[in-house]
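This report covers charged pairs and a nonpolar patch. The sequence and the structure come first.

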Amino acid sequence: MQNCYSSNRIPRENMHDQDERLTKKHIETLGFVKEIAEENKLLKQKIEDYELKTLKCAELHALAEESQERIKKIQEQYLKRADEINAMMAEKHRNEMMFAIEEKLDMEKRNNEEIAKVRKL
């Protein structure tokens, strides 16, 4: 007659081998977990470094944009001032030309009068 209870007992030798294999696997797994933890730590540090660099980039972009706006404002001021100076120079030139023309006309008038006096004599 057979025993109705199945015997799931593992002989001691096999149990010792199985324990050794499990211990070896456990050690390998712990080594793998340790490597992953170290890699995770390095990745977190890299992420932190990139975030700092991104923050600095954002600050630099803001400064560059502000500088561009100031440059544009200064250019507009210089263009406005250049227009004012051009208008003043044009007015001055027109006045000088009018003075020269009037002077020439007066001189011609005097010369014509002198010529007329000389002809009468």
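A salt bridge here is a side-chain nitrogen of Lys or Arg within 4 Å of a carboxyl oxygen of Asp or Glu. The model is predicted. By that criterion, the structure holds three salt bridges.

## E91 and R94

The side chains of E91 and R94 form a salt bridge, with an N to O distance of 2.8 Å. This pair counts because 2.8 Å is within the 4 Å cut-off. Both residues belong to helix α1, where they are three residues apart, about one turn of the helix.

How accessible is E91? The relative accessible area of E91 is 36%, so E91 is partly exposed. R94 is also partly exposed, at 45%.

## R81 and E84

A salt bridge joins the side chains of R81 and E84, at 3.3 Å from N to O. R81 and E84 are three residues apart in helix α1, so about one helical turn separates them.

R81 has a relative accessibility of 43% and counts as partly exposed. For E84 the relative accessible area is 36%, which means that E84 is partly exposed.

## E66 and R70

In the salt bridge between E66 and R70, the closest N and O atoms are 3.8 Å apart. The pair is included because 3.8 Å is within the 4 Å cut-off. How many residues apart are E66 and R70 in helix α1? They are four residues apart, so their separation is about one helical turn.

E66 is partly exposed, with 42% relative accessible area. R70 is partly exposed too, with a value of 47%.

## Nonpolar patch

Which residues make the nonpolar surface patch? M97, M98, I101 and L105 make it, and its area is about 370 Å².

M97 is placed in helix α1, which spans residues 12-120. Is M97 buried, exposed or partly exposed? With a relative accessible area of 42%, M97 is partly exposed. Patch residues need over 30% relative accessible area, so M97, at 42%, passes that cut-off.

## Summary

Helix α1 holds the pairs E66 and R70, R81 and E84, and E91 and R94. M97, one of the residues of the nonpolar patch, also has its place in helix α1.

Note on methods:
Residues are numbered from 1 along each chain as its sequence is written. This is a predicted model: local features need pLDDT of at least 70, side-chain atom pairs count only at pLDDT 80 or more; totals for chains, interfaces and linings use all residues. Side-chain values use heavy atoms; hydrogens and water are left out. Patches are made of residues with over 30% relative accessible area and no salt bridge: like charges are joined within 9 Å, nonpolar side chains (Val, Leu, Ile, Met, Phe, Trp, Tyr) within 5 Å. Accessible areas come from the Shrake-Rupley method with a 1.4 Å probe; for residues, only the protein chains shown count as cover. Helices (H or I, at least four residues) and strands (E, at least two) are DSSP runs, numbered from the N terminus. Buried means under 20% relative accessible area, exposed over 50%, partly exposed in between (1.4 Å probe, protein chains only).
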